[in-house]
Amino acid sequence: MTKKYLIIGLGLVLLVVGGFSMRGGNTSTIATTTPPVVKKEAEVISPIAKGGWIEVLSGKAFLIVSKDGIEAKNELSTGDSVGEGSVISTNETGKSSIHLFDGSVLRISPSTRFTIKSAEYNKDSGKLILEASLSIGKIWSKIIELATPDSIWKVETSNTVATVRGSAFGVSSDGKKSEIYGSQHKIAVDVIDPKTKEKIKTQSIIVEEGKILRVADTDIDKIKKLETQAASASPAQKDSILKTVELSFVPEKITEKIKKDEWFSGNEGDDKKIEDKIKEIKDKVNGDKMDFKRELNRESEDVLNGIRAKKQENQQNSKDDKTPDGKEVNSKVEDKIKTPEDIKKTDELKKVNENNIETSENWDSMKIETLGQLNSVSEGEMFTLHATLYDKKGTTKDITKEAVWSVIGPIGKVTRPGSFAAKLDDSVSEVGEGNGFIIATWEDKNGKKMLGKSDPVRVILKIDESINEDNFIGQ
């Protein structure tokens with residue numbers, strides 16, 4: 001069998017099993033002292049498995065979990081993963097952002113509830129899918145780019161569906177009335193019957209920059225009555241009625257009052273910061289589209305890794321601030337009885353922790369951690385990995401830059417500490433896939449060596465996908 005037919009056959013297999021999956025949002029870990037852990041079915045289908053991560057800016061955000069008709073709220077914190085099926089709400093002071101791994105953002109206002117119906121990003125092809133359903137409140141979308149024709153960004157309410165190809169816009173709903181705010185580019189909006197969920201018989205409404213579209217259930221009821229009348233009317237009357245129907249929903253100009261509103265002006269200001277960052281990255285990669293996409297993804301992962309590392313550090317510090325029986329230490333009382341020498345030692349220890357200097361001499365295990373799954377990686381993908389030491393007390397230390405990295409198998413190479421580039425060796429290119437591991441070794445000052453191994457890595461042959469160049473930002 002020739003290489004050509006092998007490639008075609010592999011492509012068909014990939015299409016059958018579902019193509020490329022989203023790998024952002026999961027953290028996969030494995031200790032070398034134990035065999036790989038087989039995930040239970042419940043863990044595999046967890047709604048917090050893919051999509052993106054949340055940043056809690058103020059107040060509280062919750063993941064709503066339903067069982068047997070009863071809802072429970074699990075509070076979310078910055079860095080938590082959210083994905084397909086997640087129902088998220090905020091309290092009256094809650095402001096949050098959902099970050100996708102291409103750099104796009106979905107911002108959530110206070111007293112809001114919505115569902116992430118679908119969310120995935122293919123780092124290789126640039127395909128991005130986000131479908132959200134807003135029950136009540138306000139959300140704002142800032143899309144970086146939709147690089148492929150089959151990319152989707154869609155926000156639904158009870159009576160509208162807003163779809164864009166690359167834009168910035170806001171949506172609000174109280175359950176009976178929806179408002180679509182145009183900020184950048186154009187939004188296509190379909191009006192939906194809230195009872196039948198069918199599209200009202202009008203063409204998609206285009207909401208341009210600086211325009212707002214208001215859709216109320218009462219207006220939809222009026223249109224349905226008019227359409228019923230048109231069905232039995234004379235030709236002349238029918239044309240007049242249908243014309244009235246077509247003009248029922250017309251976008252209006254956004255007023256100065258709305259522009260000055262904290263929600264609207266604040267979101268446009270945050271969008272400007274993102275655009276400035278995009279320009280900075282484009283200048284850095286000299287306008288190369290693929291490098292731009294990889295750099296955006298790398299920065300998103302680096303930010304998330306930093307947040308999770310800080311969270312882990314805070315959790316450890318919280319443990320240190322408790323007595324053996326779990327009670328909080330009364331720092332004010334301690335300060336009164338501390339001697340100058342005690343205070344000096346405390347300050348020195350604080351500096352040691354701040355500089356991330358090793359505080360444990362008895363490391364028990366070493367883990368290789370990465371965002372996403374490594375069991376189906378396409379050629380050309382880049383992955384960021386971290387090497388972390390653990391001891392029995394729960395102390396950790398990130399040694400990514402100190403470790404020596406290597407690759408076992410014909411699957412690619414480590415380009416810099418913690419950065420893996422997938423590339424099939426010529427010896428397996430005819431087969432169409434390769435398997436292996438990413439290894440990191442580390443030696444302490446006493447000569448004790450530690451070894452960490454990633455989950456099994458499976459690299460598959462890249463099938464070229466054409467990217468729509470017209471959709472690239474800044475052209």
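The legends below describe close-up views of a predicted model.

**Figure 1. Overview of the chain and its secondary structure.** The protein has 475 residues, and 42% of them are buried. Ten helices and 28 strands are assigned. Among contacts with a separation of 6 or more, 62% link residues 24 or more positions apart.

**Figure 2. Strand β3 and its two pairing partners.** Strand β3 covers residues 61-67 and pairs with β4, residues 70-76, in the antiparallel sense through seven bridges. Strand β6, residues 87-90, also runs antiparallel to β3 and is joined to it by four bridges. Ile 64 can be followed into both neighbours: its bridge partner in β4 is Lys 73, and in β6 it stands opposite Val 87. Two residues lie between the strands in the hairpin of β3 and β4, where Asp 68 takes a positive phi near 55°. In a regular strand, side chains alternate between the two faces of the sheet.

**Figure 3. The largest nonpolar core.** This core holds 44 residues, and Ile 98, Phe 114, Trp 153 and Phe 169 have the most contacts inside it. Strand β10, residues 128-142, gives the most to this core, with five residues. Apart from it lies another core, of 24 residues, including Phe 383, Ile 399, Trp 405 and Val 428. Nonpolar side chains tend to be buried together in soluble globular proteins.

**Figure 4. Surroundings of Phe 169 and Tyr 181.** Leaving aside residues up to four places away in sequence, Phe 169 touches Ile 139, Trp 140, Ser 141, Ile 143, Trp 153, Val 155, Ala 162, Val 164, Ile 180, Tyr 181, Ser 183 and Ile 187. Tyr 181 belongs to strand β14, residues 177-184. Its relative accessible area is 7%, so Tyr 181 counts as buried. With the sequence neighbours up to four places away again left out, the residues touched by Tyr 181 include Phe 169, Gly 170, Lys 211, Ile 258, Trp 263 and Phe 264. Ile 212 is also touched by Tyr 181; the two are 31 residues apart in sequence, and their C-alpha atoms are 4.6 Å apart.

**Figure 5. The second largest pocket and its lining.** The space in this pocket is about 490 Å³. Its lining consists of 20 residues, and those nearest the centre are His 99, Gly 103, Val 105, Ile 274 and Lys 277. Elements that give two or more residues to the lining are β2 (52-58), β7 (95-100), β8 (105-108), α6 (262-284) and α7 (289-320). Helix α6 contributes the largest share, five residues. By class, the lining residues divide into nine nonpolar, five polar and six charged. Rolling a probe the size of a water molecule over the atoms shows where empty space is left.

**Figure 6. Two loop residues with positive phi.** Most residues other than glycine have a negative phi. Ser 111 has a positive phi, near 55°, and sits in the loop between β8 and β9 (113-121). With a relative accessible area of 42%, Ser 111 is partly exposed, because it falls between the cut-offs of 20% and 50%. His 185 also has a positive phi, near 65°, and is found in the loop between β14 and β15 (187-191). The relative accessible area of His 185 is 47%, so this residue is partly exposed.

Terms used. Residues numbered from 1 in each chain as written. Predicted model: local features only at pLDDT ≥ 70, side-chain atom pairs only at ≥ 80, totals over all residues. Heavy atoms only, no water. Pairing = 2+ DSSP bridges. Core = buried A, V, L, I, M, F, W, Y, C linked by side-chain atoms within 4.5 Å. Buried < 20%, exposed > 50% of the residue type's maximum accessible area, 1.4 Å probe, protein only. Contact = heavy atoms within 4.5 Å. 1 Å grid on protein atoms, 1.4 Å probe; cavity = no way out; pocket = protein on both sides within 12 Å on 5 of 7 lines; lining within 4 Å. Points joined across faces, edges and corners; volume = space filled by probe spheres on them. Nonpolar A, V, L, I, M, F, W, Y, C, P; charged D, E, K, R; others polar.
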